[in-house]
Amino acid sequence: MGAGRPREFDPDEALDSALDVFWRQGYEGTSMSDLTQAMGIAKPSLYAVFGNKEELFRKALDRYASRRSDLGCSALNEATSRRAVERMLLAFAGVGEDEEAPKGCLMVQGALVCSEASESIRQELCARRAESEAALCRRLEEWKAAGDLPPEADPKDLARYVMSVAQGLSVQAASGATPDDLRRVVAMTLKTWPPV
């Protein structure tokens, strides 16, 4: 049996290119021709390696999530809840990141405009955001038990608050807000953080 023709492209690089397009344009705003052009491959190759557009988007989401989870996990390992929240919010705002990278959060941007035909994508993004909120809530419960938050603090409410601000920062970043403007929003948010 023959070995077959070798691939003429690097699947990881092609996936990174697709991720970049989805992040900049959203799921619905990205066409198959946008993807094939950015990835440097023909449609048959895209379908053969990555599946259809929805499957490719899910693979791009996994790639994005693996990169962001490193950042999120390290933030949740901070000694104090306040410092962790500050790092998380700055990350969502894209402050201090590569200037060439798209701004905002793919998990937020991708779901802002979804038609009925893309309902499964919207639900996937909502579920992934809920997982992030639940992880933050669990960590806030640990900080509260360790005395880093006051007894009356509600970890579930705090997690929802932080994620709401984070998502707003993401939208503002994608809309062109300056890093200084975004830092000021983070600073204002931290002024409301429950004192011990």
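How are α5 and α8 oriented to each other? In this predicted model, the two helices are roughly parallel, because their packing angle of about 30° falls under 35 degrees.

The protein chain holds nine helices and zero strands. Read along the sequence, its pattern is α-α-α-α-α-α-α-α-α. The chain has 196 residues, and 41% of them are buried. Among contacts with a separation of 6 or more, 68% join residues 24 or more positions apart.

The largest nonpolar core contains 53 residues. Within this core, F22, L35, M39 and L56 have the most contacts. Helix α8 supplies the largest share of the core, eight residues. 

L56 is in contact with L15, A18, F22, L35, M39, L46 and F50, leaving aside its neighbours within four places in sequence. M39 lies in helix α2, which spans residues 32–39. M39 counts as buried, because its relative accessibility is 7% and the cut-off is under 20%. With neighbours within four places again left aside, M39 is in contact with A14, S17, A18, L46, F50 and L56. D20 is 19 residues from M39 along the chain. The C-alpha atoms of this pair are separated by 9.9 Å.

Helix packing was then examined. Two packed helices are described by the angle between their axes and the distance between the axes. Helix α5 covers residues 81–93 and helix α8 covers residues 155–174. Their axes are 7 Å apart. The crossing of α5 past α8 is right-handed. On the α5 side, the contact is made by V85, M88, L89, F92 and A93. On the α8 side, it is made by V162, M163, V165, A166, Q167, L169, S170 and A173. Which classes of residue make up the contact of α5 with α8? Eleven are nonpolar, two are polar and none is charged.

Helix α5 also packs on helix α9, residues 179–191. Here the axes come within 10 Å and cross at roughly 155°. That angle is over 145 degrees, so α5 is roughly antiparallel to α9. The crossing of α5 past α9 is right-handed. R82, V85, E86, L89, L90 and A93 of α5 take part in this contact. From α9 come L182, R183, V186, T189 and L190. By class, the contact of α5 with α9 has seven nonpolar residues, one polar residue and three charged residues.

Helix α8 has a further packing partner in helix α7, residues 119–145. The axes of α7 and α8 lie 8 Å apart, at an angle of about 130°. From α7, the residues R129, S132, E133, L136, C137, L140, E141 and K144 take part. They meet P155, K156, L158, A159, R160, V162, M163 and Q167 of α8. The contact of α7 with α8 divides into eight nonpolar, two polar and six charged residues.

Two further positions complete the account. S81 lies 61 residues from E142 along the chain, and their C-alpha atoms are separated by 9.5 Å. Where is G26 placed? G26 sits in the loop between α1, residues 11–25, and α2. G26 is buried, with a relative accessible area of 8%. M107 is 81 residues from G26 along the chain. The C-alpha atoms of G26 and M107 are separated by 9.4 Å.

Conventions
Residues numbered from 1 in each chain as written. Predicted model: local features only at pLDDT ≥ 70, side-chain atom pairs only at ≥ 80, totals over all residues. Heavy atoms only, no water. Axes fitted to C-alpha atoms, helices over the stretch in contact; angles between N-to-C directions. Helix = DSSP H or I, 4+ residues; strand = E, 2+ residues; numbered from the N terminus. Parallel < 35°, antiparallel > 145°, perpendicular 65-115°, else oblique. Left-handed = near helix turned anticlockwise from the far one by under 90°. Contact = heavy atoms within 4.5 Å. Nonpolar A, V, L, I, M, F, W, Y, C, P; charged D, E, K, R; others polar. Core = buried A, V, L, I, M, F, W, Y, C linked by side-chain atoms within 4.5 Å. Buried < 20%, exposed > 50% of the residue type's maximum accessible area, 1.4 Å probe, protein only.
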